There are 2 protein chains.
Amino acid sequence: MKILIDAMGGDNAPLEIILGAIAARDEFDVGIALVGREDVICRLAEEQKLNLDGIEIFHAEDAIAMDDNPLDVRRKADCSIRVGMEMLARGEVDAFVGAGSTGAMHLGSTLYVRRISGIHRSAIATIIPLSTPMLLLDSGANTVVTPEHLVQFALMGSVYMKNIFNIERPRIGLLNNGTERTKGTELHIATYDLLNEHPHINFVGNIEGKQVPFDKCDVLVTDGFCGNILLKTIEGTASFVLKKVRGVFMQNVFTKAGAVMYKASFGRIKKEFDATEYGGAPFLGIKHPVIKAQGSSNAKAIKSAVKQAISYVETGLIDEIATLNSSVE
Amino acid sequence: MKILIDAMGGDNAPLEIILGAIAARDEFDVGIALVGREDVICRLAEEQKLNLDGIEIFHAEDAIAMDDNPLDVRRKADCSIRVGMEMLARGEVDAFVGAGSTGAMHLGSTLYVRRISGIHRSAIATIIPLSTPMLLLDSGANTVVTPEHLVQFALMGSVYMKNIFNIERPRIGLLNNGTERTKGTELHIATYDLLNEHPHINFVGNIEGKQVPFDKCDVLVTDGFCGNILLKTIEGTASFVLKKVRGVFMQNVFTKAGAVMYKASFGRIKKEFDATEYGGAPFLGIKHPVIKAQGSSNAKAIKSAVKQAISYVETGLIDEIATLNSSVE
């Protein structure tokens, strides 16, 4: 097995990405490869005295910056995302990991790796690290969807959580503005019935925003617009509340013991909200495994994403999605 | 001025509602009236030795329960919400305050009080008590909207925040999945341009979920579906994070001083998130003031909602909405 990593993608590229590749090579029994500017990678390795033994480097002359238009992936034939996706499509590597532009990676995966036959839309799936890991999809790729798209998202999310998190019958929830069957727009009412009747989906009903953190489902299905709002609202609110708590405690901390207690406690809480330990966001519905690591990824996050990519390949979950989906088409 | 309160609406009705009416009578220099089962109200007042002097009671034989279908407001001609809305429409009272079913109150206000001429949809506006009070609308009434509806929501929210919170030029934001002008669905792209060009709207651009708690705008405009998801996700996440923090601190609190410090701090934080001090949710776009108090309202929350209703009447903001809207129609 060979995992290809985009050396040029992410806020800390290329150094942290290269360090992540080295850590992955040292820890996992698979081939590790980098795609990007070979001259830049080699010069950096020399400067920093990094040992790249056993890591293959595939040259890509160009790169897509975080604020470039995702459509540039069509125009820049030599950019690392495009070169990497094409290698993945040809089977020269088994999975692609990148921390670069989400839009460019998603478009690149759709155009050059392509979707699983019978899957109409691929989704960006994100693990929300609250009570227990919950998979949210779509978390941003498709702002407008149909009930059929949402049902395929549910099926793909179910297969993913079964294979990667060993959950026997993942509970599927539909994000909605109330728990009753008739809640939401026409989209939600139609989707509710389809999910309810589906032979391979363990549907637990509509999930409201206030229930999301409290372990009501393993997979939460929604359109990419609401998924984005949900994900970022959780992030913003958690950050706001923790800041508020810190401010209040700081005023009350008049003893050294209090200050020490405060620091230890907040370190633990922040760690609990750290999504990087789960790796990155899998693109579900694409023919070969693609993992989008967070833009702020450091070496540890890249290594986690590689670990996740290995499971994505090993479990054969893409074949399972294809088979299950065609059985109900 | 006379403020009418629904004695039968809310989790703590009728006792806490009656106590709220008494508190409002004692504090504010306006007429206070109750609508509901006169026999029930009088018996309770006798049992609890409550002084109802100066509080008018209007009898309504029926009531709508929290889990009744909102459409029941059409069928139950004698329910307190329906009777109250009809009195408001006839000008017998100046504002209506209720803590009952949001759906029934909103439908009742639309059917029996009716919308301001030229306003196509009325919205439920909610104050989010984070950094500074921010008005979210629509927070649940209209799951599907047009760009024109959203522009009217922005205008109404702007007039409300100017009059009630004394903000000279309220900053209007559009909830979206990114800050760039081209983000979102067709609805958001079209709305962005309309808001940007509007002579009476101080549009500050798209607002992402993670920015919502951090004082980026005074009025946040969205459809009722996303508004509901946003509001409940903030509620759920804040509650989850505070529980988590409490859990971690409880394990660390080994001294009495620590426990005391913990209790004092959390009391303050919870108070900061307490929306009831702002009263309730105004329905904007209705011809006369209607305030929806939270279902869990106690006497204090009812009194706050009455205070808000008084400002709603006194400032004449409904006339201002009508004038401004007709000037740009």
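B:Gly173 faces B:Gly205 of β9(B) across a strand pairing. Strand β8 of chain B, residues 171-175, runs parallel to β9(B), and five bridges link the two. This is a predicted model. The predictor assigns the complex an ipTM of 0.92 and a pTM of 0.92. For chain A, the mean pLDDT is 92, and 92% of the residues reach 70 or more.

**The five-stranded sheet of chain B**

- β8 and β9 of chain B belong to an open sheet of five strands, ordered β6-β7-β10-β8-β9.
- Pairing in this sheet is mixed.
- From one strand to the next, the twist averages 30°.
- Helix α6(B) lies across β6, β7 (133-137), β8 and β10 (219-221) of chain B.
- Relative to β7(B), α6(B) runs at about 150°.

**The seven-stranded sheet of chain B**

- A second open sheet in chain B has seven strands, in the order β3-β2-β1-β4-β12-β11-β5.
- Its pairing is also mixed.
- β3 (55-59) and β5 (123-124) of chain B are the edge strands, and each pairs on one side only.
- Strands β11 (residues 281-284) and β12 (residues 290-292) of chain B run antiparallel and are joined by two bridges.
- B:Pro282 has B:Ile291 of β12(B) as its bridge partner.
- Helix α4 of chain B, residues 80-89, lies across β1 (2-6), β2 (31-36), β3, β4 (95-98) and β12 of chain B.
- The angle between α4(B) and β4(B) is about 160°.
- Strands of a sheet pair through backbone hydrogen bonds, in either the parallel or the antiparallel sense.

**Helix packing in chain B: α6 and α11**

- Helix α6 (residues 147-165) and helix α11 (residues 317-328) of chain B have axes that come within 10 Å.
- Their axes cross at roughly 140°.
- α6(B) is therefore oblique to α11(B).
- The crossing of α6(B) with α11(B) is right-handed.
- On the α6(B) side, the contact is made by B:Gln152, B:Leu155, B:Met156, B:Val159, B:Tyr160, B:Lys162, B:Asn163 and B:Ile164.
- α11(B) contributes B:Leu317, B:Glu320, B:Ile321, B:Leu324 and B:Asn325.
- By class, the contact between α6(B) and α11(B) holds eight nonpolar, three polar and two charged residues.

**Helix packing in chain A: α4 and α5**

- Helices α4 (residues 80-89) and α5 (residues 102-113) of chain A pack at about 35°, and their axes are 9 Å apart.
- The crossing of α4(A) with α5(A) is right-handed.
- α4(A) makes the contact with A:Ile81, A:Arg82, A:Met85, A:Glu86, A:Leu88 and A:Ala89.
- The α5(A) side consists of A:Ala104, A:Met105, A:Gly108, A:Ser109, A:Tyr112 and A:Val113.
- Residues in the contact of α4(A) with α5(A) split into eight nonpolar, two polar and two charged.

**Helix packing in chain A: α6 and α7**

- Helices α6 (residues 147-165) and α7 (residues 186-197) of chain A pack at about 45°, with axes 9 Å apart.
- That angle makes α6(A) oblique to α7(A).
- α6(A) crosses α7(A) in the right-handed sense.
- In α6(A), the contact residues are A:Pro147, A:Glu148, A:Leu150, A:Val151 and A:Ala154.
- They meet A:Leu187, A:Ala190, A:Thr191, A:Leu194 and A:Leu195 in α7(A).
- The contact of α6(A) with α7(A) comprises eight nonpolar residues, one polar and one charged.

**Backbone exceptions**

- Most peptide bonds are trans, and most residues other than glycine have a negative phi.
- The bond from A:Ala13 to A:Pro14 is cis, with omega near 0°.
- A:Pro14 sits in the loop between β1 (2-6) and α1 (15-27) of chain A.
- In chain B, a cis peptide bond joins B:Ala13 and B:Pro14, with omega about 0°.
- B:Pro14 lies in the loop between β1 and α1 (15-27) of chain B.
- A:Lys49 is not a glycine, yet its phi is positive, at about 55°.
- The loop that holds A:Lys49 is between α2 (38-47) and β3 (55-59) of chain A.

Key
Residues numbered from 1 in each chain as written. Chains lettered and ligands numbered in written order. Predicted model: local features only at pLDDT ≥ 70, side-chain atom pairs only at ≥ 80, totals over all residues. Heavy atoms only, no water. Axes fitted to C-alpha atoms, helices over the stretch in contact; angles between N-to-C directions. Helix = DSSP H or I, 4+ residues; strand = E, 2+ residues; numbered from the N terminus. Parallel < 35°, antiparallel > 145°, perpendicular 65-115°, else oblique. Left-handed = near helix turned anticlockwise from the far one by under 90°. Contact = heavy atoms within 4.5 Å. Nonpolar A, V, L, I, M, F, W, Y, C, P; charged D, E, K, R; others polar. Pairing = 2+ DSSP bridges. pLDDT = per-residue confidence, 0-100.
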